[in-house]
Amino acid sequence: MDNLRQGTIKEAKAKANRQPPFKKAAKGNLAEKIMHGVFLLAAFTSIFSLVLIVIFIFTNGLPMMVEYGLADFIFGQTWNQTTFGLLPMILGSVLVTLGAVSIGVPIGVMTAIFMAEFCPKKLYAFLKPAVNLMAGIPSIVYGFFALRIIVPQIRQLFGGPGNSMLAAIMLLSIMILPTVISLSESAIRSVPRSYFSGSVALGASPERSIFSVLVPAAKSGIFSSIVLGVGRAIGETMAVVMVAGNQPLMPRGLTQGIRTLTTNIVMEMAYASGQHRDALVATGVVLFIFIMIINTTFLIMKSKEAK
Amino acid sequence: MISKLMKGLVYASAVFTFGMLAYLVIYILINGVRFLTPSLFAWNYSTSNVSMMPALMTTLMVVAGTLLIATPIGVFTGFYLVDYANRKNPVVKAIGMATDTLAGIPSIIYGLFGMLFFVIFLEFQFSLIAGILTVTIMSLPVIIRSTEEALLATGMPIRQASYALGAGKLRTLFKVVLPVAMPGILSGVILATGRIVGETAALMFTLGTATNLPGSLFASGRTLSLHMYILSQEGRHVNEAYATAVVLLVFVLVINALSTLVSKRLAKGGK
Amino acid sequence: MLNQKIKVRDLKLWYGKFEALHGVDLDIYENEITAFIGPSGCGKSTLIKTLNRMNDLVENCRIEGSVELDGKNIYSKKVELNELRKRVGMVFQQPNPFPKSIYDNIAFGPRTHGIKKKNELDEIVEKSLRQAAIWDEVKDHLDRNALSISGGQQQRICIARALAVEPDVLLMDEPTSALDPISTAKIEELVMELKEDYTIVMVTHNMQQASRISDRTAFFLNGDIIEQDMTRQLFTNPKEEQTDNYISGRFG
């Protein structure tokens, strides 16, 4: 026994001596250092890009706004090749977005409730990919669909050109659906199941438990889905340009044409130059500020939710 | 009583949502498929035959070019954020905030920026390269976030096992973590591909709208989405616009099917 | 006569502001099994992680004092971390095989340290699996995913994987706490065989396990080592009252 033990100790010692203690793996370390640098560099691309975007949009847009007069630019009601009053487009964006949200959000949230609580499993296997498909359809296809279906309907029902604020609102309320549905659904699903069973145990019907316990518990998540929907609606460009009419005039009613901030840029950028072009970039600045406010709201809500 | 009413509304909303989607898809298919003639896939575009072939090829070029640049940058960023940086480091927070902000910027702003920076400032003109670089920045957030999620989901235990065997960071990352995280990263890349195919506003003033296949990185072209936009605006080629919409829908369907496939593999790999 | 393998002196460790170890001294001898016992949160797992510097992976973890392996401080700047971990292997509480084939799991370590030849790798894989007493169970399906076998088998794969890089010391952090009694018995048996060739340090929640298999035991309480002695001595005739209270089941 002792002999055996001695033997193994000797073996172990011999092994320890064979291995030079802690020799440097110099080659490996160099590769580690280089790649660390590469990853760090890659990670800075986001910040670098964002800074570039801000610089180029603002340095091209802000001087024009100051030169032209900030108040005249923001509150001016006339827009043509020499006069740049942005108010019609600001109001256009705000109204179209509000309209789209007030139709799209209830439908989206209700659909999300259906997906999370009422949908049979077999049907869900089709509907979940359908929502993803909805999110993936290019905006140009939505716009084209609205141009061929919604616009003629409006023309028939209300007269007028058909290309109108109403058309844009209906189009956008459909386009924000996938955003609202996905986020709301996961918000509802993340509510602990015990809330539901607790409510049912108290004698509430399953439906009542869903509407008065589960959905309210998911409200912060649902709310952030709305904020993201707002961002999507206000930023949408190509679909809106196809159906909104795009007259740079103060909003005159649901069935009349309207122009938004985004479409203002697309409509005229192709041929603009000089101060006119800068005015379009300045339109981008205003849009950017809107988006920043919306994003910040979203991020604040998300971090609150995380707590 | 109120719950009954609410339940009715919930069902009605679901019917509306999916009915609308079905209507859109069927409407496009019915009106588009019959115009998918061979001549629409002729090599050259002319005013008498508005072939979508050049646009189709350009779309593939833009997708390939963008993924070639955006994938390594996005994936490496994910590596850095998850496996290298200290989570509480302010730099990491800044990178995260920049990524979130980029994700929220509308494509028309990217279009404006791309025009001001790549087209005018760097004098690339309307070109493939200006379009690709613009869309690259747009795609970064999607790839970064999905890489991050996939890496975080792999968890500490397999990393610990690898480190405990004396493997360094790189080896652990590439040989142990990456194979596990691959499906998640891939689904992010696929998602980004979908965005690129559907993009219009960011490409209009960067890639331009030239009708023929770009002969070099510095030549202009048009993607399918742009092609469809222009056809529908001109109003003379509505049928061809429908046909292009069908092709775009097929793209989206294939891309979605791919990502489902990949995420199913992900679910299986986790077991 | 007994060769001292690891010497811990006045080791203090902080997680942020929390001091988890308050100046610990410990001696670990070659070809022995040293067990760490004590209630949850007493610092035994923390200490074992300092022996191959796994605590380096924990953010805000700071350390003072020294840990010597064969007389060399492993926290010295000159130490190559990966080389240290090659010499001091580790097995974790939860079996954590890579989601790869059994073969690739075992071969990962040797490949990491530069062994590329197929026949050499084959030899190491077989030898390690035999040492971990699992060769007979898996030899016919080495290409199977290591996650597809039972938890007890997975843990022995993890042990084999650790042995494949030929360490001197094997650290085991509650290696059986996630396993059923039969798998636990197999692993205990295996560990007692392994001490012929390795120095083993094992954290355990299970006092019976410590008394069954270990040569030496250290009893931890609130970040201090209260008592360390030969296992038989510590369990039958503890010097400290706290040790006595703990092993007789009066707390923890």
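Modeller: In β2(C), C:Leu26 is the bridge partner of C:Val8, and C:Ile6 stands opposite C:Ile28 in that strand. Strand β1 (residues 4-15) of chain C runs antiparallel to β2(C), and 9 bridges join them; two strands are said to pair if DSSP finds at least two bridges between them. Strands here are DSSP runs of E with at least two residues, and helices are runs of H or I with at least four, numbered from the N terminus. β1(C) and β2(C) form a hairpin with 2 residues between them, and in the turn C:Gly16 has a positive phi of about 65°. β1(C) is also joined to strand β4 (residues 61-69) of chain C, by 8 bridges and again antiparallel, and in β4(C) the bridge partner of C:Tyr15 is C:Cys61. These strands belong to an open sheet of 4 strands in the order β2-β1-β4-β5 (chain C), with antiparallel pairing. Because β2 (18-29) and β5 (72-73) of chain C stand at the edges, each with a single partner strand, one side of each is left without a neighbour in the sheet. In a regular strand the side chains alternate between the two faces of the sheet.

All of this comes from a predicted model, in which local features need pLDDT of at least 70 and side-chain atom pairs count only at pLDDT 80 or more, while totals for chains, interfaces and linings use all residues. Residues are numbered from 1 along each chain as its sequence is written, and chains are lettered from A and ligands numbered from 1 in the order in which they are written. For chain C the mean pLDDT (the predictor's confidence in each residue, from 0 to 100) is 92, and 98% of its residues reach 70 or more. Within chain C, confidence is lowest in helix α10 (residues 241-247), at a mean of 89, and highest in strand β8 (residues 199-203), at 96. The model scores ipTM 0.91 and pTM 0.88.

Turning to the other chains, chain A comes to 15 helices and 0 strands, and chain B has 10 helices and 0 strands. The C-alpha atoms of chain A fill a box of roughly 105 × 65 × 35 Å along the principal axes, and those of chain B fill one of roughly 70 × 65 × 35 Å. Chain A has a radius of gyration of 29 Å, whereas a compact globule of 307 residues would have one near 19 Å; the radius is taken over C-alpha atoms, and the globule rule is 2.2 Å times the number of residues to the power 0.38.

The domain assignment of chain A, whose bounds come from an automatic or database assignment, gives domain 1 (2-68) and domain 2 (73-306). The centres of domain 1 and domain 2 of chain A, taken over C-alpha atoms, are separated by 42 Å. In chain A, 8 residues of domain 1 are in contact with 10 residues of domain 2, where contact requires C-beta atoms, placed from the backbone, to lie within 7 Å.

Between chains, 64 residues of chain A are in contact with 67 residues of chain B. Helix α2 (residues 26-68) of chain A gives the most to the side of chain A that touches chain B, with 20 residues. That side of chain A divides into 44 nonpolar, 17 polar and 3 charged residues; Ala, Val, Leu, Ile, Met, Phe, Trp, Tyr, Cys and Pro count as nonpolar, Asp, Glu, Lys and Arg as charged, and the others, Gly among them, as polar.

Buried residues make up 47% of the 307 residues in chain A and 55% of the 271 residues of chain B. A residue is buried if 20 or more other C-beta atoms, placed from the backbone, lie within 10 Å of its own, exposed if 12 or fewer do, and partly exposed in between. Helix α6 (residues 139-148) of chain A is mostly covered, with 9 of its 10 residues buried, among them A:Tyr142, A:Phe144 and A:Phe145. A:Leu95, in helix α4 (residues 87-118) of chain A, is partly exposed, with 17 other C-beta atoms within 10 Å. Leaving aside neighbours within four places in sequence, A:Leu95 is in contact with A:Met165 and A:Pro251.

Notes: Two residues are in contact if their C-beta atoms, placed from the backbone, lie within 7 Å.
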